[in-house]
Amino acid sequence: MTDTTQAGGWSPERSAAGGHNPYLIAFVVSIATFMEVLDTTIANVSLRHIAGGLAVGIDESTYVITSYLVANAIVLSISGWLATVLGRKRFYMICVGIFSVASLLCGFAWSLEALVLFRILQGLGGGGMATSEQAILADSFPPAKRGQAFAIYGIAVVVAPVIGPTLGGWITDTYSWHWVFLINVPMGLLSLVLVGTLVSEPSGAEEERRELLRNGLRIDYIGFILVAIGLGSLEFVLDEGQRNDWFGSSMILGFALMSAFCLLALIPWELTRKDPIIELRLLGQRQFAACFLVMLGTGAVLISTTQILPQLLQAELGYTAMLAGLALSPGGLFTMVMMPIVGRLVSIVQPKYLIMVGATIVMITMWHLTGLNQDITYGYAAWSRIFLGIGLPFLFLPVTTASYDGVPPEKTNQASALINVARNVGGSMGVALAQTVLAQRQQFHQSRLVEHVAPSDIGYQQTIDAMTRYFQAQGSNASDAASQAIAWVGQTLQRQIDFLAYIDVFWTLAVIGALMIPLALSMRSIDLNAPARGH
């Protein structure tokens with residue numbers, strides 16, 4: 001191993017850029033990843049239209065999302081091993097090809113069963129894109145410049161969920177839900193042509209691959225089965241749990257037990273394999289483990305707020321899907337501006353301090369949202385997303401960069417896979433947590449507030465009398481006015497219950513932001529000068 005590799009985990013012969021500008025490579029490999037992440041959020045917006053077009057119920061249409069997430073999680077977890085065996089460039093192009101063909105099939109799906117089948121295929125293709133891209137970027141740039149490279153990658157995975165709801169609403173309203181999937185086809189073809197032409201397979205990685213195959217490829221079948229069932233079941237539980245009353249459902253309980261058993265059995269099994277399909281030993285390193293946990297929290301906050309804010313604006317304030325999506329868009333613009341700035345900072349400021357800044361911004365933003373009420377404006381919602389958009393790059397880029405510190409070059413694929421698993425699973429956990437807190441706190445606040453809605457309560461009597469007079473003044477007779485007054489109190493009470501529950505959700509997310517601060521402090525300092533000496 002060369003001094004360069006020892007110092008920074010990188011050497012010129014490992015570059016995937018070949019003779020091309022590495023920033024061009026970063027842009028090229030980000031195209032398909034942006035498409036894949038965008039597709040996930042666009043599909044969420046189009047569920048009602050898909051259900052109507054295929055003549056199925058809304059609950060049934062959610063399997064369009066669940067099937068994709070389960071397949072995505074399974075491939076994502078083993079994508080590091082697959083990229084090593086097949087080669088990073090080759091594996092990336094296979095994933096893009098499968099995703100593009102599956103998108104075409106989804107666009108022409110004739111039934112829900114066919115669409116779910118094609119979505120599983122799409123998830124299998126999409127699961128390996130982000131991991132391969134990160135590994136290619138890590139190979140294309142010396143460590144001193146990785147922060148700038150990951151800024152381009154960060155735009156793909158952080159901004160895409162922000163613009164997804166708006167774009168999805170526009171495409172569905174203007175054309176049809178079929179185009180939500182069909183737009184992926186030309187982007188996929190463009191990505192295949194550019195990657196095939198410009199990206200090189202790092203010579204060092206290719207030598208490791210040939211050495212692995214020369215010694216005889218030992219496939220960890222049991223490890224694959226355990227991770228497939230474990231993560232697949234976990235994704236199903238997180239996505240369907242709230243809709244099926246969590247552990248009150250025998251189906252959810254069964255999948256939860258199956259997931260727990262497989263994931264617990266996976267630990268001793270993988271730790272005793274010579275060629276594990278998932279390198280769990282990385283999680284035993286303090287630096288990588290802290291990065292993994294922070295990425296879990298980052299994914300939870302990013303994806304849950306992307307879902308919960310539009311839901312709040314549409315359900316409680318009467319926004320259209322398009323307008324609710326536009327409330328998130330300014331945050332995406334600020335994220336795009338901040339990405340290159342933070343990318344430069346990563347090379348001169350210790351990542352753990354940048355992560356602390358990002359976690360603090362996230363915590364304060366979520367705390368700011370606890371002040372919402374029925375009179376909030378569009379600006380209030382947009383500014384809260386802008387603040388979050390400023391903070392996310394301070395989390396995403398330093399975590400991605402720091403996660404490679406101390407990781408041998410031959411483990412880059414595995415490290416990338418685990419970090420992306422953290423982002424995806426964290427997002428699913430965040431959504432499940434937000435929806436569960438929302439439902440349970442609605443029940444809690446309802447049980448407390450209805451105590452005051454009783455004929456014997458003086459305040460209730462006065463409110464009913466005042467509103468009855470108001471509706472009479474609007475032209476209603478005494479009987480109708482009394483009924484309208486009771487209905488108005490019920491509607492007002494329900495809105496107050498809902499807002500209080502949303503406030504509790506944001507308090508929970510603020511706590512997640514706060515917990516990321518000590519995790520950042522636990523990280524070790526990186527020698528920022530070592531990469532410069534290496535190259």
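**View 1. The lining of the largest cavity.** Glu36, Asn72, Leu76, Gly126, Gly127, Ala130, Arg423 and Asn424 line the largest cavity. This is a predicted model, where local features need pLDDT of at least 70 and side-chain atom pairs count only at pLDDT 80 or more, while totals for chains, interfaces and linings use all residues. Residues are numbered from 1 along each chain as its sequence is written, and side-chain values use heavy atoms, without hydrogens and water. A cavity is a set of points on a 1 Å grid over the protein atoms alone where a 1.4 Å probe fits but cannot get out; lining residues have an atom within 4 Å of a point. The lining divides into 2 nonpolar, 4 polar and 2 charged residues. Gly counts as polar here, Ala and Leu as nonpolar, Glu and Arg as charged.

View 2. The whole structure holds 1 cavity of 30 Å³ or more. The largest cavity has a volume of about 40 Å³, the space filled by probe spheres set on the points. Helix 5 and helix 19 (412-449) each supply at least two lining residues. Helices are DSSP runs (H or I, at least four residues), numbered from the N terminus.

**View 3. Helix 5.** Helix 5 (residues 63-86) has a kink of about 55°, centred on Ser79. The bend is the angle between axes fitted to the seven residues ending there and the seven starting there. Helix 5 is largely enclosed by the rest of the structure, because 20 of its 24 residues are buried (under 20% relative accessible area, 1.4 Å probe, protein chains only). Gly87 follows helix 5, with a positive phi near 100°.

Technical notes:
Buried < 20%, exposed > 50% of the residue type's maximum accessible area, 1.4 Å probe, protein only. 1 Å grid on protein atoms, 1.4 Å probe; cavity = no way out; pocket = protein on both sides within 12 Å on 5 of 7 lines; lining within 4 Å.
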